[in-house]
Amino acid sequence: MEIFALDTDLTQLEESLAQTSAQARLIALTALAWHLRQRDTQRALALVAQAQALLHQCRANSGAPDPDPGLDNLALAASQARWQLIQGEAKWLGLELDAAAALANAALATFTLQADAIGCADAHWLLSLLAHTQGNTPQRLAQLEAMEAANADPVRTRIAQAQQAQAAAFRDLPAAKLRWGTRFAASSEITHPAARCQTEFFLAACANLGGDFAAAILHNIETWNHALASGQIRTAVFAATNAGDAFNSLNEYQAALEWMQRGLDLARQAGWPAVLGAALAQTALTLRHLQRPEAARNMLREALALLAPQAASRNSVITLSYLGDAELDCKQADAALEAFTTMVEKADALGQPQLQSLARRGQSQALLQLGQAQAALDAAGSALELAQGAHEPAIAALQVLADIHTAHRLRPPPEMKAPNAALHYLQRALALAESVEGFIVTPDLLESLANASERAGLPTQAYRYARQAILARKKTHSREAANRACALQLSWQSSSARTEAQYQRQLAQLDAQCLQEVQQSIDLLQRVRTRLEQGAQHLNSALGDTSSALSELGGLLQKMRS
């Protein structure tokens with residue numbers, strides 16, 4: 001059994017429900033339920049209930065432990081374990097995590113006893129998803145490694161590898177690209193959409209983390225297409241909202257909202273609280289970019305309420321950062337501090353340095369708004385340390401440190417050589433920005449340097465930084481224009497791709513309809529032919545009887561004449 005079936009396979013699975021034998025019907029019900037588990041979770045559960053009712057009926061009719069001489073006990077046990085996985089995935093999607101774990105472990109025990117590699121791999125897959133939801137990265141990786149070790153088939157192996165690679169990218173992007181990037185590029189022969197979906201999802205994460213937002217959009221759109229084709233609806237939602245987030249980074253907010261809306265619509269249709277919460281959070285980020293912080297804040301609170309059962313997950317932690325920034329925009333420093341302080345605890349538990357740095361940077365800004373200078377300084381220092389050389393979070397932390405020293409008279413750092421602490425930190429931020437190839441120094445940073453130089457009594461230096469700020473702003477406008485052009489092109493390409501995909505689906509549906517109509521016509525002709533043959537037989541029989549009667553009548557007339 002495949003881990004994810006294609007849309008084109010579902011029709012055949014639907015037709016297989018007409019099987020007459022108990023075992024064939026049980027297998028058909030199980031297979032269809034398995035492949036509908038995310039496409040239509042409620043129907044999948046209903047099919048499992050039908051299969052269980054059929055099994056109960058078979059046992060009742062036979063009056064024996066074995067329901068039917070034709071039912072294979074091993075196949076029956078495997079089907080029952082598969083039902084547990086389907087029910088477990090539904091529980092996981094509904095955030096009933098303990099019940100989901102119990103069902104997954106029960107299924108794993110059955111599959112292990114049967115030495116069923118495919119079943120074991122699927123059980124480990126569900127357990128890895130549960131660990132990811134709970135923010136337990138070591139357990140998630142252990143389950144993915146076990147899934148890979150099962151060596152069930154190339155598609156399952158690739159999915160396990162792609163998920164491991166994605167987890168690694170969030171912890172150490174260069175190391176993840178070094179370990180996994182070449183392997184995926186060299187394994188293009190695995191073309192099944194289910195595997196391609198997860199591979200593209202990893203590549204999208206790498207592109208986004210590396211700041212290549214155009215590539216991130218393309219990979220996320222590929223993820224979306226392959227996810228829909230293979231019934232990975234949860235991944236499709238995240239791919240859509242991630243594409244929207246990448247459009248945000250290119251300042252193309254209309255395209256961002258369109259992709260966010262696709263993700264939201266799909267999440268609402270599915271009805272899974274965690275997925276809907278994540279989609280709401282990403283949409284709220286777009287609203288914040290559009291200068292609507294109040295609306296963003298309300299949407300983020302709704303998202304966090306939905307994400308409450310998985311409060312330790314990465315999605316929940318990121319949502320907290322969005323909420324904290326929205327509260328800062330609304331000048332609600334106490335609420336922002338609460339959000340970022342909670343985020344610090346959860347980011348530390350995840351052990352992802354960029355999230356840890358982001359949490360402390362936000363905490364520092366909230367403390368600065370509240371006038372708590374020393375606490376703000378400590379938090380910003382921690383943010384800088386945790387940035388671990390990643391230029392964007394490090395530059396953000398350095399700028400906050402400069403803001404703190406600008407607003408308050410504090411002890412300068414011991415290594416300071418600049419005339420004041422603000423200039424010291426801003427010059428460090430500039431040096432870091434200039435050390436990154438292709439990184440455009442922001443006008444805000446240069447303007448801050450000009451202001452700090454002026455306060456330090458360095459008018460010539462202040463004038464130089466101000467001139468650089470003007471040039472940088474021109475470059476920024478040019479870059480924004482280029483980004484918008486790139487985003488518009490990508491938006492058009494994705495629209496064209498969707499149109500082509502819709503056209504191909506319509507063709508496939510038309511072909512299937514034509515085939516069905518042709519088959520119906522053949523069946524009708526066959527029935528007509530059968531009836532004609534039967535009529536001819538009756539006619540021949542009647543003609544034979546008539547001929548016999550005429551012959552007898554002729555004989556009788558002959559006798560009468562004689």
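A residue counts as buried when its relative accessible area is under 20%. The model discussed here is predicted.

**Cysteines**

Cysteine 120 has a relative accessible area of 12%, so this residue is buried. Cysteine 197 is buried too, at 0% relative accessibility. A disulfide is a covalent bond between the sulfur atoms of two cysteines. With a cut-off of 2.5 Å between cysteine sulfur atoms, the count of disulfides is zero.

**Helix 5**

Helix 5 covers residues 97-113, which makes 17 residues. Which residues of helix 5 are buried? They are Leu97, Ala100, Leu103, Ala104, Ala107, Leu108 and Phe111. Viewed down the helix axis, these buried residues fall within an arc of 140°, so they line one face of helix 5. An α-helix has 3.6 residues a turn, so residues three or four places apart point the same way. The buried residues of helix 5 pack against helix 4 (73-93) and helix 6 (117-133). Asp98 and Leu113, on the other side of helix 5, are exposed. Just after helix 5 comes alanine 115, with a positive phi of about 55°.

**Aromatic rings**

The structure has one aromatic pair. Its members are tryptophan 224 and tryptophan 259; the ring centres are 5.6 Å apart and the planes stand at 85°, so the pair is edge-to-face. Tryptophan 224 belongs to helix 11 (residues 213-230) and tryptophan 259 to helix 13 (residues 253-270). The two are 35 residues apart, and the pair links distant parts of the chain. Both tryptophan 224 and tryptophan 259 are buried.

| Arginine | Ring | Distance to ring centre |
|---|---|---|
| Arginine 37 | Tryptophan 34 | 3.7 Å |
| Arginine 314 | Phenylalanine 170 | 3.8 Å |

In the tryptophan 34 case, the charged end of arginine 37 is what sits over the ring. Arginine 314 lies over the face of phenylalanine 170.

**Glutamine 363**

Is glutamine 363 buried or exposed? Its relative accessible area is 15%, so glutamine 363 is buried. This residue is located in helix 18 (residues 353-369). Leaving out residues up to four places away in sequence, glutamine 363 touches Leu337, Phe340, Thr341, Val344 and Ala379.

Methods:
Residues numbered from 1 in each chain as written. Predicted model: local features only at pLDDT ≥ 70, side-chain atom pairs only at ≥ 80, totals over all residues. Heavy atoms only, no water. Helix = DSSP H or I, 4+ residues; strand = E, 2+ residues; numbered from the N terminus. Expected span 1.5 Å × (residues − 1). Buried < 20%, exposed > 50% of the residue type's maximum accessible area, 1.4 Å probe, protein only. Arc of directions from axis to C-beta. Contact = heavy atoms within 4.5 Å. Phe/Tyr/Trp six-rings, centres within 6.5 Å; stacked < 30°, edge-to-face > 60°. Lys NZ or Arg CZ within 6 Å of the ring centre and 35° of its normal.
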